[in-house]
Structures are given as C-alpha cells and as structure tokens.
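Reader: I'm new to this one. Could you show me how to read it, feature by feature?

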Amino acid sequence: MSDAADESKFSEMREAARAIFQRVLAEASIARAFTRHVECDRGVLRLREDLFDLHSYSRVLVVSLGKAGHTMAEALAGQVGASLEGIVASPTQPSAQVRGFRYFRGGHPTPNAESIHAASAMLKALEAQPASALVIFMLSGGGSSIVEKPIDDEISLDDLIATYRVLVHSGAPIAEINAVRKHLSAVKGGRLAQAAFPAQQVSLLVSDVPDNMPDALASGPTMPDSTTVEDCYRIAEKYDLPGQFPQSVRELFERRALEETPKSDDPAFHQARWWPVLSNHTAIEEATMASERAGFVVHVDNSCDDWDYDRAADYLLQRVRELRKQFSPVCLISGGEVTVKVANGGVGGRNQQFALACAAKMAGEDITVLSAGTDGVDGNSPAAGAVVDGSTVERARKQGLDAGAALEQFDAHPFFRALGDAIETGPTGNNLRDLRVLLAY
C-alpha cells in the first residue's frame with residue numbers, strides 16, 4: 001500500500017474515533033437524561049423513582065453545583081417551570097441564566113474567591129430551611145473546587161489553592177484526593193446535608209467518579225462520608241503530602257487535628273435520597289452502540305481505571321493487539337480516568353498525555369487511539385483530549401515536532417494542536433469522566 005493510501009486509511013480511522021466520541025457527547029447529555037428520569041405533572045415532581053408533591057412543602061430550594069451546574073438547573077426548570085429558586089455554581093458563565101437562581105462562577109481545577117462566596121451563600125440558604133422545606137441538590141464533577149470553604153479559618157484562599165495543586169499533582173486517584181478535600185472543607189463530606197437539616201433532601205447525581213464510590217462525586221457534600229480522618233493521614237503519608245502543603249494545612253496533619261465528617265447515622269441523612277441520572281457507565285454504553293453501528297466488534301475493559309497513564313497505555317494497547325487477532329475491525333472501549341504525576345508544567349492533561357504515550361508505543365502500527373474527557377476540558381489545555389495512530393510520530397517528525405520531548409515535558413497540547421489531532425469541543429456542561437476508544441483492523 002502506498003504512503004498516500006496508508007495516510008488515507010489512518011485519517012479515516014481517526015475520523016471514525018472522533019465520530020464515536022461526538023455521538024457519546026450528544027446521546028449521554030443532561031437534557032436527554034432529565035427527559036428520561038425527571039418529570040413534573042400538576043405539581044408532582046418525579047425524580048427517578050421518588051415522587052414529591054411540590055405544593056406540600058413550605059419552600060423548595062435547588063442547589064446545583066459542578067461543571068453541569070447550569071445545565072442541570074436549566075433541564076430541571078424545563079421540566080418544572082419558572083417557579084424554582086436556588087443557587088447555581090459552575091466554572092463557566094452561561095449565555096443565559098435560569099430565572100430565580102443566583103449564579104456563582106467557581107474556579108476549576110483550583111478554587112477561587114467565587115468558590116468561597118458560593119459555599120457561603122449555600123450554607124446560609126440551607127441553614128435557614130425548616131423541616132417543612134424540600135432541598136433538591138444537583139451534583140456534578142468539578143464541584144470539589146467550584147464550591148469550597150475551608151473548615152479552618154486559618155486556611156486562606158492562597159493556602160487552599162496551593163493545597164489543591166499539591167493534591168492534583170500528587171498522582172493519587174480522585175477518590176483519595178477527595179478523601180483529603182472532604183476533611184478540610186466546611187461543605188464537603190456530607191456537611192451541606194448537615195446544614196440543610198431538618199429539611200427533606202434529594203440529590204441528583206451526574207457522576208464523574210467510579211460507580212461504587214458515589215460519595216466521591218464533588219467530594220460528597222450531601223452524602224454520608226465513607227472515608228475517615230485516619231484515611232487522610234494514611235493518604236498524606238503515602239504520597240508525602242504534609243511537607244508540600246502550606247503551613248496552615250500542614251499543621252492540621254502534624255497535630256492530627258482534622259475533624260471527622262458525618263457518617264450514615266447522622267440525623268441529616270434520615271430524610272435524604274440520592275439518585276444517579278448519568279455516569280461513566282452511560283458514556284460507555286453510548287460508545288458501544290455507536291461503535292457497533294459503525295461496524296466494529298466491541299469489547300469493554302475498564303480495569304485500568306485510576307492506573308498510571310503509561311501502565312494503562314501498555315495494557316490497553318496489548319489488549320487491542322490480542323483482540324484484532326480474533327476480530328476485525330475491533331473497538332476496545334475503556335472508561336474512567338488515568339493518573340499523571342506532573343513533574344514539570346507544560347500544557348496538556350491526562351488524556352493527551354495518555355494519547356501521546358500510546359503514539360510512541362505503537363508507531364507504525366495500524367491502531368487508532370482516542371482519549372478525551374466528556375467535560376470537554378483536559379487539564380490546563382483548551383482541548384478535551386486527542387486522537388493518535390500509527391502515523392502520528394512520523395507525521396510529527398516531518399513537521400519538526402518531537403513526540404518524546406513533548407511527552408517528557410508534559411506538554412502534549414501544543415504537539416497535538418500543531419498536528420490537528422487535538423479534540424476541541426469546548427466545555428460541554430457535562431462530566432462523565434474520560435473515555436478511551438481504541439480501533440484496529
């Protein structure tokens with residue numbers, strides 16, 4: 001086959017991978033999920049399997065936070081009408097706000113002043129609710145930094161930001177990062193639920209955490225916390241964190257002075273319910289259907305969730321090599337997230353770092369790999385991720401780009417942008433973790 005024919009085939013496969021990802025974004029959307037799981041008829045609101053007669057409550061307050069904060073508020077208002085009131089905290093400014101809601105633009109991946117203002121406003125509003133009120137919480141990924149208030153007044157915003165950076169760059173899985181965040185926060189780990197007591201509560205979850213760890217979503221502000229202060233001390237020691245924390249946070253660990261979060265026997269949870277409406281599982285299902293419609297034999301393997309990106313690249317490439325010996329064409333789908341311990345700062349994120357690692361390991365092979373975040377944001381870059389194949393390294397070399405240097409410097413985004421292989425969707429208003437799609441003939 002000629003070089004031109006090879007490149008045509010590679011290009012076709014890259015486009016097929018992009019089409020699968022775009023289909024996932026369209027089908028696993030907030031609007032579609034709310035159409036399926038939320039309905040309001042004559043003042044009776046159905047949230048999954050629960051019914052709430054809105055007329056029976058003295059007040060209904062909605063608190064929506066995370067990357068899908070606005071999208072969820074908009075979808076709920078579309079079902080219920082303009083009678084709702086509440087607070088929205090999200091990382092982007094929507095083109096139009098939902099009537100009756102106060103808006104805050106919190107920071108991500110680190111908190112900002114608006115994150116603290118949002119947390120303070122939520123605590124104040126929730127603490128005013130009587131037992132006759134209903135509080136509808138809507139939680140989505142990114143909420144950990146978008147709404148935040150330190151448990152200790154000695155922790156300044158600068159100290160909070162520094163602590164988040166240490167945690168995000170530690171290489172720890174998100175569940176371990178959130179365990180520490182919960183115990184440093186006045187809103188996480190069930191503390192928003194405590195503030196809302198004695199009101200009745202229900203939480204709708206658009207999840208970017210493992211399905212078996214729902215209280216890790218946005219660091220679990222409305223759920224009993226399954227982690228403990230002892231977990232925090234163990235995690236801090238495991239990743240050598242205290243020495244990297246600012247003094248105000250380091251002292252809490254050195255004095256073992258963290259306060260325990262509320263557990264399942266806390267009265268705040270006696271009238272509380274939690275319903276997932278979207279998760280990474282939804283994204284995987286939609287990717288599977290899109291890939292099958294495109295003619296691929298599909299296999300799903302999520303076993304590398306929370307693995308180091310380089311180990312995950314080795315594992316998934318080996319899996320797709322084995323699968324294509326039996327099936328053609330074959331698609332291997334992998335959900336969840338990989339971890340990257342950043343040694344120095346370039347522009348990129350875990351998806352682009354993973355994709356670039358794959359490109360280096362499969363140079364010359366007839367394999368295509370897409371890795372992208374369903375939130376449309378990968379690390380500190382404007383991309384959601386990237387798509388690579390066996391021609392990536394050679395195409396880059398012809399343009400004077402060094403794949404090895406970009407990988408070593410954690411600077412994948414400029415590399416992919418120059419090649420035209422970055423995936424740029426803009427923020428999606430959703431967050432269902434990451435998706436990896438590997439295609440081979």
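Author: Helices (H or I, at least four residues) and strands (E, at least two) are DSSP runs, numbered from the N terminus, and two strands pair if DSSP finds at least two bridges between them. One caution: this is a predicted model, where local features need pLDDT of at least 70 and side-chain atom pairs count only at pLDDT 80 or more, while totals for chains, interfaces and linings use all residues. Residues are numbered from 1 along each chain as its sequence is written, and side-chain values use heavy atoms, with hydrogens and water left out.

Reader: Okay, so which residue of strand 9 does Val202 stand opposite?

Author: In general, strands of a sheet pair through backbone hydrogen bonds, either parallel or antiparallel. Here, Val202 faces Arg273 in strand 9. Strand 8 and strand 9 (residues 272-278) are parallel and share 6 bridges. Strand 7 (residues 133-140) also runs parallel to strand 8, with 7 bridges, and Phe137 sits opposite Ser203 of strand 8.

Reader: How many residues of strand 8 are buried?

Author: Buried means under 20% relative accessible area, exposed over 50%, and partly exposed in between (1.4 Å probe, protein chains only). For strand 8 (residues 200-206), 6 of its 7 residues are buried, so to read the term by that cut-off, the strand is mostly covered.

Reader: What about the open sheet: in what order do its strands come?

Author: The order is 10-11-15-12-13-14, which makes 6 strands with mixed pairing. Strand 10 (297-300) and strand 14 (422-423) are the edges, each pairing on one side only. Strand 13 (residues 385-389) meets strand 14 antiparallel through 2 bridges, and Ala386 has Ala422 in strand 14 as its bridge partner.

Reader: Which strands does helix 13 lie across?

Author: For angles, axes are lines fitted to C-alpha atoms, for helices over the stretch in contact, and angles run from 0 to 180 degrees between N-to-C directions; contact means heavy atoms within 4.5 Å. Helix 13 (residues 350-361) lies across strand 12 (367-373), strand 13 and strand 15 (434-440), at about 10 degrees to strand 13.

Reader: How far apart are the end C-alpha atoms of helix 11?

Author: The expected span of a helix is 1.5 Å times one less than its number of residues. Helix 11 (residues 280-293) has 14 residues and should span 20 Å; its end C-alpha atoms are 20 Å apart, which agrees. Its buried residues include Ala283, Ala287 and Ala290. An α-helix has 3.6 residues a turn, so residues three or four places apart point the same way. Just after helix 11, Gly295 has a positive phi of about 100 degrees.

Reader: And how many disulfides are there?

Author: A disulfide is a pair of cysteine sulfur atoms within 2.5 Å, and the count here is 0. For Cys331, the nearest cysteine sulfur is that of Cys358, 14 Å away. For Cys358, the nearest one belongs to Cys304, at 9.5 Å. Both Cys331 and Cys358 are buried, with a relative accessible area of 0%.

Reader: Last one: which domains does the chain have?

Author: Domain bounds come from an automatic or database domain assignment. It gives domain 1 (1-27 + 281-440) and domain 2 (29-280). Their C-alpha centres lie 31 Å apart, and the contact takes 24 residues from domain 1 and 25 residues from domain 2.
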